[in-house]
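Look at the model before reading the answers.

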Amino acid sequence: MHYDWLVVGSGLFGAVFAHEAKKRGKTVLVAERRAHTGGNLYCEEREGIRIHAYGAHIFHTSDENVWNYMRALSAFNHFLNSPVANYKGELFSLPFNMHTFYQMWGVVTPAQAHERIEAQRGESQFEPGNLEEQAIALVGRDVYEKLVKAYTEKQWGRPCDKLPAFILKRLPVRYTFDNRYFSDPYQGIPEEGYNAVIKKLLNGCTLMLNTDFNLQRDALMNLARRVLYTGQIDAYYDFRFGALAYRSLRFETERLETQNHQGVAVMNYTDAQTPFTRMIEHKHFEFGEQPYTYITREYPLEWNVGAEAYYPVNDEENQALYARYEALSKKEPHTVFGGRLAQYRYLDMDKTVAAALELAEKELV
Ligand SMILES: Cc1cc2nc3c(=O)[nH]c(=O)nc-3n(C[C@H](O)[C@H](O)[C@H](O)COP(=O)(O)OP(=O)(O)OC[C@H]3O[C@@H](n4cnc5c(N)ncnc54)[C@H](O)[C@@H]3O)c2cc1C
(Lines give C-alpha, C1' and ligand atoms only; values in the text may rest on other atoms or scores of the structure.)
Protein backbone atom coordinates (compact mmCIF):
# COMPACT_ATOMS: atom_id res chain seq x y z
CA MET A 1 0.00 0.00 0.00
CA HIS A 2 1.77 3.13 -1.18
CA TYR A 3 -1.12 5.57 -1.05
CA ASP A 4 -3.92 6.48 1.31
CA TRP A 5 -6.27 7.10 -1.60
CA LEU A 6 -6.60 6.09 -5.21
CA VAL A 7 -8.82 8.58 -7.06
CA VAL A 8 -10.19 7.18 -10.31
CA GLY A 9 -10.92 10.03 -12.72
CA SER A 10 -9.37 13.51 -12.71
CA GLY A 11 -12.56 15.44 -13.49
CA LEU A 12 -13.82 18.15 -11.17
CA PHE A 13 -15.20 15.69 -8.61
CA GLY A 14 -12.03 13.61 -8.40
CA ALA A 15 -9.77 16.68 -8.41
CA VAL A 16 -11.64 18.45 -5.57
CA PHE A 17 -11.65 15.27 -3.50
CA ALA A 18 -7.93 14.67 -4.19
CA HIS A 19 -7.17 18.25 -3.18
CA GLU A 20 -9.06 17.88 0.08
CA ALA A 21 -7.27 14.61 0.81
CA LYS A 22 -3.86 16.25 0.23
CA LYS A 23 -4.88 19.14 2.47
CA ARG A 24 -5.56 16.63 5.24
CA GLY A 25 -2.10 15.08 4.84
CA LYS A 26 -3.14 12.03 2.78
CA THR A 27 -1.13 10.59 -0.09
CA VAL A 28 -3.13 10.38 -3.33
CA LEU A 29 -2.71 8.51 -6.59
CA VAL A 30 -4.95 9.69 -9.46
CA ALA A 31 -5.67 7.27 -12.32
CA GLU A 32 -7.13 8.90 -15.44
CA ARG A 33 -8.26 7.08 -18.57
CA ARG A 34 -7.73 10.02 -20.91
CA ALA A 35 -4.42 11.53 -21.97
CA HIS A 36 -5.19 14.67 -19.97
CA THR A 37 -6.71 15.68 -16.63
CA GLY A 38 -9.85 17.76 -16.02
CA GLY A 39 -12.62 15.49 -17.31
CA ASN A 40 -15.17 17.42 -19.35
CA LEU A 41 -13.85 20.81 -18.21
CA TYR A 42 -10.69 20.27 -20.22
CA CYS A 43 -9.82 22.99 -22.73
CA GLU A 44 -7.43 22.73 -25.63
CA GLU A 45 -5.48 25.90 -26.21
CA ARG A 46 -5.00 26.93 -29.85
CA GLU A 47 -3.35 30.22 -30.77
CA GLY A 48 -4.37 31.84 -27.49
CA ILE A 49 -8.00 30.67 -27.64
CA ARG A 50 -9.16 28.10 -25.11
CA ILE A 51 -11.41 25.57 -26.81
CA HIS A 52 -13.93 23.83 -24.55
CA ALA A 53 -13.14 20.36 -25.85
CA TYR A 54 -16.14 18.53 -24.34
CA GLY A 55 -18.82 21.20 -24.69
CA ALA A 56 -19.18 24.78 -23.44
CA HIS A 57 -18.62 25.09 -19.69
CA ILE A 58 -19.85 28.18 -17.88
CA PHE A 59 -19.49 28.30 -14.14
CA HIS A 60 -22.54 29.55 -12.26
CA THR A 61 -23.69 29.14 -8.68
CA SER A 62 -25.81 30.51 -5.86
CA ASP A 63 -23.70 28.69 -3.29
CA GLU A 64 -21.38 31.17 -1.63
CA ASN A 65 -19.12 28.46 -0.16
CA VAL A 66 -18.57 26.90 -3.58
CA TRP A 67 -17.98 30.31 -5.14
CA ASN A 68 -15.36 31.19 -2.52
CA TYR A 69 -13.72 27.79 -2.98
CA MET A 70 -13.45 28.30 -6.74
CA ARG A 71 -12.29 31.90 -6.47
CA ALA A 72 -9.47 30.82 -4.16
CA LEU A 73 -8.23 28.75 -7.12
CA SER A 74 -8.67 31.36 -9.84
CA ALA A 75 -10.14 34.77 -10.47
CA PHE A 76 -13.26 34.59 -12.66
CA ASN A 77 -14.10 36.92 -15.53
CA HIS A 78 -17.50 38.60 -15.91
CA PHE A 79 -18.83 36.41 -18.76
CA LEU A 80 -22.61 36.01 -18.65
CA ASN A 81 -24.22 33.45 -20.90
CA SER A 82 -26.87 34.96 -23.19
CA PRO A 83 -27.31 32.43 -25.98
CA VAL A 84 -29.12 33.16 -29.22
CA ALA A 85 -31.47 30.77 -31.04
CA ASN A 86 -31.21 30.59 -34.82
CA TYR A 87 -34.37 29.28 -36.49
CA LYS A 88 -33.83 29.20 -40.27
CA GLY A 89 -31.92 32.50 -40.05
CA GLU A 90 -34.41 34.20 -37.69
CA LEU A 91 -32.71 35.07 -34.40
CA PHE A 92 -34.30 34.89 -30.96
CA SER A 93 -33.01 35.64 -27.46
CA LEU A 94 -32.73 32.82 -24.94
CA PRO A 95 -33.93 31.90 -22.42
CA PHE A 96 -37.50 32.86 -23.28
CA ASN A 97 -37.93 36.47 -22.20
CA MET A 98 -39.46 39.73 -23.39
CA HIS A 99 -36.82 40.07 -26.15
CA THR A 100 -37.88 36.64 -27.47
CA PHE A 101 -41.58 37.51 -27.37
CA TYR A 102 -40.96 40.81 -29.14
CA GLN A 103 -38.98 38.95 -31.82
CA MET A 104 -41.67 36.25 -32.09
CA TRP A 105 -44.83 38.38 -32.13
CA GLY A 106 -43.85 42.06 -31.95
CA VAL A 107 -45.46 42.33 -28.50
CA VAL A 108 -43.96 45.07 -26.36
CA THR A 109 -45.47 44.67 -22.89
CA PRO A 110 -45.40 41.72 -20.49
CA ALA A 111 -49.22 41.72 -20.44
CA GLN A 112 -49.33 41.29 -24.24
CA ALA A 113 -46.79 38.47 -24.11
CA HIS A 114 -48.66 36.76 -21.30
CA GLU A 115 -51.91 36.96 -23.24
CA ARG A 116 -50.29 35.37 -26.33
CA ILE A 117 -48.83 32.48 -24.38
CA GLU A 118 -52.00 31.88 -22.38
CA ALA A 119 -54.04 31.73 -25.59
CA GLN A 120 -51.73 29.02 -26.98
CA ARG A 121 -51.31 26.94 -23.87
CA GLY A 122 -54.48 24.96 -24.32
CA GLU A 123 -57.09 24.21 -21.75
CA SER A 124 -56.29 20.57 -21.07
CA GLN A 125 -57.05 19.49 -17.50
CA PHE A 126 -55.00 16.33 -17.99
CA GLU A 127 -51.35 15.90 -17.01
CA PRO A 128 -49.16 16.33 -20.11
CA GLY A 129 -48.60 12.83 -21.51
CA ASN A 130 -45.43 13.57 -23.46
CA LEU A 131 -42.79 16.25 -23.96
CA GLU A 132 -44.72 18.00 -26.73
CA GLU A 133 -47.81 18.47 -24.55
CA GLN A 134 -45.64 19.53 -21.63
CA ALA A 135 -43.78 22.15 -23.69
CA ILE A 136 -46.96 23.61 -25.19
CA ALA A 137 -48.50 23.79 -21.72
CA LEU A 138 -45.46 25.73 -20.54
CA VAL A 139 -44.67 28.12 -23.41
CA GLY A 140 -47.45 27.88 -26.01
CA ARG A 141 -47.36 26.53 -29.55
CA ASP A 142 -45.29 29.19 -31.42
CA VAL A 143 -42.34 29.09 -29.05
CA TYR A 144 -42.56 25.29 -28.98
CA GLU A 145 -42.63 24.97 -32.79
CA LYS A 146 -39.74 27.35 -33.48
CA LEU A 147 -37.49 27.05 -30.47
CA VAL A 148 -38.12 23.76 -28.68
CA LYS A 149 -39.36 21.04 -31.03
CA ALA A 150 -36.56 20.33 -33.51
CA TYR A 151 -33.80 21.25 -31.06
CA THR A 152 -35.10 18.73 -28.52
CA GLU A 153 -35.69 16.08 -31.19
CA LYS A 154 -32.11 16.46 -32.43
CA GLN A 155 -30.83 16.26 -28.86
CA TRP A 156 -32.70 13.10 -27.94
CA GLY A 157 -32.96 11.47 -31.37
CA ARG A 158 -36.72 10.92 -30.99
CA PRO A 159 -39.90 12.90 -31.78
CA CYS A 160 -41.17 15.09 -28.94
CA ASP A 161 -44.49 13.26 -28.77
CA LYS A 162 -42.53 10.06 -28.05
CA LEU A 163 -40.38 11.63 -25.36
CA PRO A 164 -41.46 11.60 -21.70
CA ALA A 165 -42.79 14.87 -20.28
CA PHE A 166 -40.40 14.79 -17.31
CA ILE A 167 -37.41 15.78 -19.51
CA LEU A 168 -38.87 19.28 -19.55
CA LYS A 169 -39.82 19.76 -15.93
CA ARG A 170 -39.77 23.45 -16.52
CA LEU A 171 -38.91 25.93 -19.24
CA PRO A 172 -38.06 29.27 -17.72
CA VAL A 173 -40.31 32.02 -19.06
CA ARG A 174 -39.40 35.56 -18.05
CA TYR A 175 -41.68 38.50 -18.54
CA THR A 176 -38.71 40.87 -18.29
CA PHE A 177 -36.03 41.93 -20.78
CA ASP A 178 -33.48 39.73 -19.00
CA ASN A 179 -31.66 37.32 -21.27
CA ARG A 180 -29.07 36.02 -18.82
CA TYR A 181 -29.30 32.25 -19.19
CA PHE A 182 -28.44 31.53 -15.54
CA SER A 183 -30.03 33.50 -12.74
CA ASP A 184 -27.31 32.63 -10.21
CA PRO A 185 -25.58 35.62 -8.61
CA TYR A 186 -22.08 34.23 -9.25
CA GLN A 187 -21.06 33.42 -12.83
CA GLY A 188 -18.02 33.47 -15.08
CA ILE A 189 -15.11 31.63 -16.62
CA PRO A 190 -11.84 31.13 -14.71
CA GLU A 191 -9.42 33.77 -15.96
CA GLU A 192 -6.55 31.28 -16.00
CA GLY A 193 -8.75 28.66 -17.67
CA TYR A 194 -10.24 25.43 -16.33
CA ASN A 195 -7.01 23.48 -16.89
CA ALA A 196 -5.14 25.74 -14.47
CA VAL A 197 -7.86 25.21 -11.84
CA ILE A 198 -7.57 21.44 -12.18
CA LYS A 199 -3.76 21.62 -12.11
CA LYS A 200 -3.89 23.49 -8.80
CA LEU A 201 -6.35 20.98 -7.36
CA LEU A 202 -4.16 18.03 -8.32
CA ASN A 203 -0.92 19.60 -7.15
CA GLY A 204 0.99 17.10 -5.00
CA CYS A 205 -0.87 14.01 -6.25
CA THR A 206 0.78 11.25 -8.27
CA LEU A 207 -0.82 11.14 -11.72
CA MET A 208 -1.27 8.15 -14.01
CA LEU A 209 -2.71 9.21 -17.37
CA ASN A 210 -3.95 6.83 -20.11
CA THR A 211 -4.91 4.43 -17.33
CA ASP A 212 -8.32 2.79 -17.41
CA PHE A 213 -8.98 1.59 -13.88
CA ASN A 214 -11.39 -1.09 -15.05
CA LEU A 215 -8.70 -2.75 -17.16
CA GLN A 216 -6.24 -3.10 -14.26
CA ARG A 217 -8.44 -2.96 -11.22
CA ASP A 218 -6.62 -5.41 -8.95
CA ALA A 219 -3.16 -3.99 -9.57
CA LEU A 220 -4.36 -0.43 -8.93
CA MET A 221 -6.44 -1.31 -5.89
CA ASN A 222 -3.38 -2.92 -4.32
CA LEU A 223 -1.65 0.44 -4.40
CA ALA A 224 -4.03 2.27 -2.06
CA ARG A 225 -6.02 1.73 1.11
CA ARG A 226 -9.19 3.43 -0.14
CA VAL A 227 -10.63 4.23 -3.57
CA LEU A 228 -12.81 7.06 -4.89
CA TYR A 229 -14.30 5.97 -8.21
CA THR A 230 -15.77 8.67 -10.50
CA GLY A 231 -16.17 6.61 -13.69
CA GLN A 232 -19.33 4.91 -14.98
CA ILE A 233 -20.85 2.79 -12.23
CA ASP A 234 -22.01 0.06 -14.63
CA ALA A 235 -18.45 -0.27 -16.00
CA TYR A 236 -17.12 -0.75 -12.44
CA TYR A 237 -19.35 -3.81 -12.22
CA ASP A 238 -18.52 -5.02 -15.75
CA PHE A 239 -22.07 -4.21 -16.90
CA ARG A 240 -23.35 -7.28 -15.06
CA PHE A 241 -26.97 -6.05 -15.04
CA GLY A 242 -26.66 -4.33 -18.44
CA ALA A 243 -25.46 -0.91 -19.63
CA LEU A 244 -27.00 2.37 -18.46
CA ALA A 245 -28.10 4.47 -21.44
CA TYR A 246 -26.62 7.85 -22.36
CA ARG A 247 -26.75 10.39 -25.17
CA SER A 248 -23.44 11.23 -26.72
CA LEU A 249 -22.05 14.20 -28.66
CA ARG A 250 -19.66 14.75 -31.54
CA PHE A 251 -17.72 17.99 -31.84
CA GLU A 252 -16.41 19.49 -35.06
CA THR A 253 -13.99 22.38 -34.55
CA GLU A 254 -12.90 24.77 -37.26
CA ARG A 255 -10.56 27.76 -37.47
CA LEU A 256 -12.05 30.68 -39.38
CA GLU A 257 -10.17 33.63 -40.83
CA THR A 258 -12.45 36.17 -39.30
CA GLN A 259 -12.27 38.19 -36.12
CA ASN A 260 -15.88 37.57 -35.06
CA HIS A 261 -18.03 34.88 -36.67
CA GLN A 262 -21.35 34.85 -34.81
CA GLY A 263 -21.06 37.65 -32.24
CA VAL A 264 -21.99 35.42 -29.30
CA ALA A 265 -20.43 32.45 -27.49
CA VAL A 266 -23.38 30.06 -27.92
CA MET A 267 -25.85 29.91 -30.80
CA ASN A 268 -28.54 27.20 -30.71
CA TYR A 269 -29.80 25.95 -34.09
CA THR A 270 -33.44 25.15 -33.44
CA ASP A 271 -34.55 24.06 -36.93
CA ALA A 272 -34.70 20.45 -38.11
CA GLN A 273 -32.59 20.95 -41.26
CA THR A 274 -29.35 21.99 -39.50
CA PRO A 275 -27.84 18.73 -38.23
CA PHE A 276 -25.99 20.25 -35.27
CA THR A 277 -27.67 21.71 -32.17
CA ARG A 278 -25.20 24.39 -31.20
CA MET A 279 -22.33 26.42 -32.52
CA ILE A 280 -19.81 27.65 -29.95
CA GLU A 281 -17.45 30.53 -30.72
CA HIS A 282 -14.92 30.02 -27.94
CA LYS A 283 -13.16 33.39 -27.93
CA HIS A 284 -16.33 35.12 -26.66
CA PHE A 285 -16.06 33.28 -23.32
CA GLU A 286 -12.95 35.34 -22.68
CA PHE A 287 -13.60 38.44 -24.81
CA GLY A 288 -10.79 37.49 -27.22
CA GLU A 289 -9.80 39.97 -29.92
CA GLN A 290 -7.61 37.78 -32.13
CA PRO A 291 -7.94 38.37 -35.90
CA TYR A 292 -9.04 34.70 -36.32
CA THR A 293 -11.57 32.57 -34.48
CA TYR A 294 -12.40 28.96 -33.57
CA ILE A 295 -15.91 27.60 -33.71
CA THR A 296 -17.26 24.19 -32.71
CA ARG A 297 -20.39 22.55 -34.06
CA GLU A 298 -22.03 20.20 -31.57
CA TYR A 299 -23.81 17.16 -33.04
CA PRO A 300 -25.94 14.91 -30.81
CA LEU A 301 -25.08 11.26 -31.22
CA GLU A 302 -26.50 7.87 -30.34
CA TRP A 303 -24.47 6.34 -27.54
CA ASN A 304 -22.99 2.85 -27.50
CA VAL A 305 -20.85 1.21 -24.84
CA GLY A 306 -17.34 2.63 -25.25
CA ALA A 307 -18.40 6.03 -26.64
CA GLU A 308 -18.12 9.18 -24.48
CA ALA A 309 -21.10 9.27 -22.13
CA TYR A 310 -22.54 12.81 -21.95
CA TYR A 311 -26.16 12.97 -20.87
CA PRO A 312 -27.71 10.20 -18.76
CA VAL A 313 -31.13 9.01 -19.95
CA ASN A 314 -32.81 9.14 -16.57
CA ASP A 315 -36.01 7.36 -17.54
CA GLU A 316 -37.69 4.83 -15.25
CA GLU A 317 -35.99 1.82 -16.78
CA ASN A 318 -32.49 3.27 -16.45
CA GLN A 319 -33.13 4.65 -12.97
CA ALA A 320 -34.21 1.17 -11.87
CA LEU A 321 -31.04 -0.28 -13.37
CA TYR A 322 -28.95 2.39 -11.65
CA ALA A 323 -30.62 1.55 -8.32
CA ARG A 324 -29.34 -2.03 -8.65
CA TYR A 325 -25.77 -0.83 -9.22
CA GLU A 326 -26.09 1.73 -6.44
CA ALA A 327 -27.15 -1.01 -4.02
CA LEU A 328 -23.98 -2.94 -4.86
CA SER A 329 -21.83 0.16 -4.47
CA LYS A 330 -23.11 0.72 -0.92
CA LYS A 331 -21.62 -2.63 0.12
CA GLU A 332 -18.08 -1.90 -1.08
CA PRO A 333 -15.68 -2.03 1.86
CA HIS A 334 -12.93 0.21 0.45
CA THR A 335 -14.46 2.10 -2.48
CA VAL A 336 -16.67 5.18 -2.46
CA PHE A 337 -18.42 6.55 -5.55
CA GLY A 338 -19.00 10.12 -6.70
CA GLY A 339 -19.44 12.43 -9.68
CA ARG A 340 -21.79 12.51 -12.62
CA LEU A 341 -20.85 9.09 -14.08
CA ALA A 342 -20.81 7.11 -10.84
CA GLN A 343 -24.08 8.70 -9.71
CA TYR A 344 -25.67 8.50 -13.16
CA ARG A 345 -27.03 12.02 -13.07
CA TYR A 346 -26.39 15.35 -14.70
CA LEU A 347 -24.52 17.56 -12.24
CA ASP A 348 -23.52 21.16 -12.84
CA MET A 349 -20.00 22.10 -11.80
CA ASP A 350 -21.06 23.89 -8.61
CA LYS A 351 -23.11 20.90 -7.47
CA THR A 352 -20.13 18.67 -8.30
CA VAL A 353 -17.82 20.76 -6.11
CA ALA A 354 -20.35 20.83 -3.27
CA ALA A 355 -20.85 17.05 -3.45
CA ALA A 356 -17.09 16.36 -3.53
CA LEU A 357 -16.55 18.61 -0.50
CA GLU A 358 -19.35 16.83 1.34
CA LEU A 359 -17.86 13.43 0.59
CA ALA A 360 -14.43 14.66 1.68
CA GLU A 361 -15.89 15.87 4.98
CA LYS A 362 -17.44 12.44 5.53
CA GLU A 363 -14.63 10.16 4.36
CA LEU A 364 -11.44 12.04 5.13
CA VAL A 365 -10.98 11.92 8.87
C1 LIG B 1 -21.90 19.02 -22.87
C2 LIG B 1 -21.83 19.43 -21.42
C3 LIG B 1 -21.83 20.76 -21.08
C4 LIG B 1 -21.78 21.16 -19.76
N5 LIG B 1 -21.81 22.48 -19.44
C6 LIG B 1 -21.81 22.88 -18.17
C7 LIG B 1 -21.89 24.27 -17.82
O8 LIG B 1 -21.96 25.14 -18.69
N9 LIG B 1 -21.89 24.59 -16.50
C10 LIG B 1 -21.82 23.66 -15.50
O11 LIG B 1 -21.83 24.02 -14.32
N12 LIG B 1 -21.72 22.34 -15.80
C13 LIG B 1 -21.72 21.93 -17.09
N14 LIG B 1 -21.62 20.59 -17.39
C15 LIG B 1 -21.45 19.62 -16.30
C16 LIG B 1 -19.94 19.35 -15.95
O17 LIG B 1 -19.31 18.80 -17.08
C18 LIG B 1 -19.87 18.42 -14.75
O19 LIG B 1 -20.35 19.08 -13.61
C20 LIG B 1 -18.47 17.90 -14.42
O21 LIG B 1 -17.81 17.45 -15.56
C22 LIG B 1 -18.56 16.77 -13.44
O23 LIG B 1 -17.27 16.33 -13.09
P24 LIG B 1 -17.00 14.78 -12.85
O25 LIG B 1 -15.63 14.70 -12.28
O26 LIG B 1 -18.11 14.17 -12.08
O27 LIG B 1 -17.10 14.11 -14.29
P28 LIG B 1 -16.16 14.17 -15.57
O29 LIG B 1 -15.80 15.56 -15.92
O30 LIG B 1 -16.82 13.35 -16.60
O31 LIG B 1 -14.83 13.43 -15.09
C32 LIG B 1 -14.74 12.03 -14.94
C33 LIG B 1 -13.31 11.63 -15.27
O34 LIG B 1 -13.13 10.24 -14.98
C35 LIG B 1 -12.40 9.64 -16.03
N36 LIG B 1 -12.73 8.23 -16.04
C37 LIG B 1 -13.94 7.66 -16.32
N38 LIG B 1 -13.84 6.32 -16.23
C39 LIG B 1 -12.57 6.03 -15.89
C40 LIG B 1 -11.87 4.81 -15.68
N41 LIG B 1 -12.46 3.61 -15.79
N42 LIG B 1 -10.55 4.87 -15.35
C43 LIG B 1 -9.91 6.08 -15.24
N44 LIG B 1 -10.54 7.26 -15.44
C45 LIG B 1 -11.85 7.24 -15.76
C46 LIG B 1 -12.88 10.39 -17.27
O47 LIG B 1 -11.96 10.25 -18.34
C48 LIG B 1 -12.97 11.82 -16.75
O49 LIG B 1 -11.74 12.49 -16.87
C50 LIG B 1 -21.71 20.17 -18.72
C51 LIG B 1 -21.73 18.82 -19.07
C52 LIG B 1 -21.81 18.44 -20.39
C53 LIG B 1 -21.88 16.98 -20.73
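Q: Which residues of α1 and α7 meet?
A: A15, V16, A18 and H19 of α1 meet I198, L201 and L202 of α7. Two residues are in contact if their C-beta atoms, placed from the backbone, lie within 7 Å. The model is predicted: local features need pLDDT of at least 70, side-chain atom pairs count only at pLDDT 80 or more, and totals for chains, interfaces and linings use all residues. Residues are numbered from 1 along each chain as its sequence is written.

Q: What classes make up the contact of α1 with α7?
A: The contact has six nonpolar, one polar and no charged residues. Ala, Val, Leu, Ile, Met, Phe, Trp, Tyr, Cys and Pro count as nonpolar, Asp, Glu, Lys and Arg as charged, and the others, Gly among them, as polar.

Q: How is the packing of α1 and α11 described?
A: Their axes are 9 Å apart, at an angle of about 35°. Axes are lines fitted to C-alpha atoms, for helices over the stretch in contact, and angles run from 0 to 180 degrees between N-to-C directions.

Q: What classes make up the contact of α1 with α11?
A: Twelve nonpolar, one polar and one charged residues form this contact.

Methods
Helix = DSSP H or I, 4+ residues; strand = E, 2+ residues; numbered from the N terminus.
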